[in-house]
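Me: I have a model open and want to learn to read its local geometry. Can you take me through some features?

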Amino acid sequence: MRLLPLLQCPPLPLLHRCCLSTLLANGGAAACRRLSTDGPAPQPAIGQDSVEVLGRSHPRDDFTNVTPRILATVGRNLHNQSHHPLWLIKERIKAHFYSSYTGRWGNPLFSVHDNLSPVVTVEQNFDSLLIPPGHPSRKRGDNYYLNRKTMLRAHTSAHQRELVSSGLDAFLLAGDVYRRDEIDASHYPVFHQMEGVRLFSNHELFSKVQHGDDLSLFEAGGRRSPQKQETHSLEAVKLLEFNLKHTLTRLVTHLFGQDLEVRWVDCYFPFTHPSFEMEVRFQGDWMEVLGCGVMEQQLLNSAGAGNKAGWAFGLGLERLAMVLYGIPDIRLFWSQDERFLTQFRVEDVQQPVCFQPLSKYPPLLNDMSFWLPETKEDEDGAGGFTENDFYELVRSIGGDLVEKVSLVDQFTHPKTGRRSQCYSIIYRHMERTLTQQEVKLIHEQIQRSAETELGVQGRY
């Protein structure tokens, strides 16, 4: 899904759009103020010609689609804020790896990296992971681009090659990642991932196997199959897969308990083969908790580790925290409400926490219908209209006051062929009751901005 190029129309309206559309007091004449729980309004760092992030300036171009609201989250680093629920999850995982996997002298085998900049090159985010040009994951409408060469990382795997190139054989990596997505209780444009990588030399992998000296990581003239890559021996892949699944099963049973049911599902990722997803039985349903696989040897070769083979996994910290602590809405992770934060100030990171819900304030529901523009997107994802365009616009204006946006109806005119869509928008403040007048102002601003920025024609 894609967003209209910001430079095809005057860029300044984006800067003047009120964050959360709070033209509430003083008849709308006052400066914009936010209704969310995030603290003071962000100072937009998007100029006519450049975008400033973390003190560095990046030139704008026709691919720039990051918004002031998203830039305001860069540097919050929830996963590094002591006693934040995401920090608790990260620390529990880190403690498990530190205690379970040690080197020859008793030191932790896995190093931890949780403060790498989320601003990466497109090459780091995609090419270094063997994601080919034209792959759907590169879509402009699904990512936040500073320009054609630079973006906010869409996954922590963007740093895999640089860490392997530095000589690391075993590491954990945690950080904030950015993706344009739908709006509901489990999706947010900024979330947090943690991943692990472990590499093995021939000796490390086969040293405990009978006749291991006769086995090798690699084979010449091999063929790629559903079970392995062309360069790997079948024995090496089976041992890597066993080690990977054993490591991750130990991790999730440590987090969820020894009675946990686990199952593995074959899947596809461009940077691992074979690849798997782990699902756990939770409250009667199977829930995906992570993806993993044997790292593509081409990736290791490019990082200077061609004499080794290894595995990698990645998981979402929010998903784990929502399940383990019973947090019902992903927006809560960004709250600065003490009633939320104090529940996680525990002396021991292993201490169980059961989230006590804050008072749930009533929702306000409003619909919005419009005719879609007739332009179509090009091969780079520029032009046209997609649902993600509208979701991003709603987020940038309504912010955390918007609980959910749903496409509820689509219509094609039988004579003209014009298409229209109807969206349902649920507004709900996390800390107080919203008034219909407040929501009306926000809703009307979304309508106006949709017409001017997305080229739709209202059916209000």
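Me: In which strand is Pro 274 found?

Reply: Keep in mind that this is a predicted model. Pro 274 is found in strand S9, residues 272-282.

Me: What kind of peptide bond joins His 273 and Pro 274, cis or trans?

Reply: Read omega. The bond between His 273 and Pro 274 is cis, with omega at about -5 degrees.

Me: Where is His 83, and what is its phi?

Reply: His 83 also lies in the loop between H2 and H3. Its phi is about 70 degrees, again positive in a residue that is not a glycine.

Me: Why does Asn 77 count as partly exposed?

Reply: Compare relative accessibility with two cut-offs: under 20% is buried, over 50% is exposed. Asn 77 has 22%, so it counts as partly exposed. His 83, with a relative accessible area of 26%, is partly exposed too.

Me: How do the axes of H3 and H9 cross?

Reply: Take the distance and the angle together. The axes of H3 and helix H9 (residues 317-325) come within 9 Å and cross at roughly 100 degrees. Therefore H3 is roughly perpendicular to H9.

Me: Which residues meet there, and of what class?

Reply: On H3, they include Leu 86, Ile 89 and Arg 92; on H9, Leu 317, Glu 318 and Tyr 325 are among them. By class, the contact has 10 nonpolar, three charged and no polar residues.

Terms used:
Residues are numbered from 1 along each chain as its sequence is written. This is a predicted model: local features need pLDDT of at least 70, side-chain atom pairs count only at pLDDT 80 or more; totals for chains, interfaces and linings use all residues. Side-chain values use heavy atoms; hydrogens and water are left out. Helices (H or I, at least four residues) and strands (E, at least two) are DSSP runs, numbered from the N terminus. Buried means under 20% relative accessible area, exposed over 50%, partly exposed in between (1.4 Å probe, protein chains only). Axes are lines fitted to C-alpha atoms, for helices over the stretch in contact, and angles run from 0 to 180 degrees between N-to-C directions. Angles under 35 degrees count as roughly parallel, over 145 as roughly antiparallel, 65 to 115 as roughly perpendicular and the rest as oblique. Contact means heavy atoms within 4.5 Å. Ala, Val, Leu, Ile, Met, Phe, Trp, Tyr, Cys and Pro count as nonpolar, Asp, Glu, Lys and Arg as charged, and the others, Gly among them, as polar.
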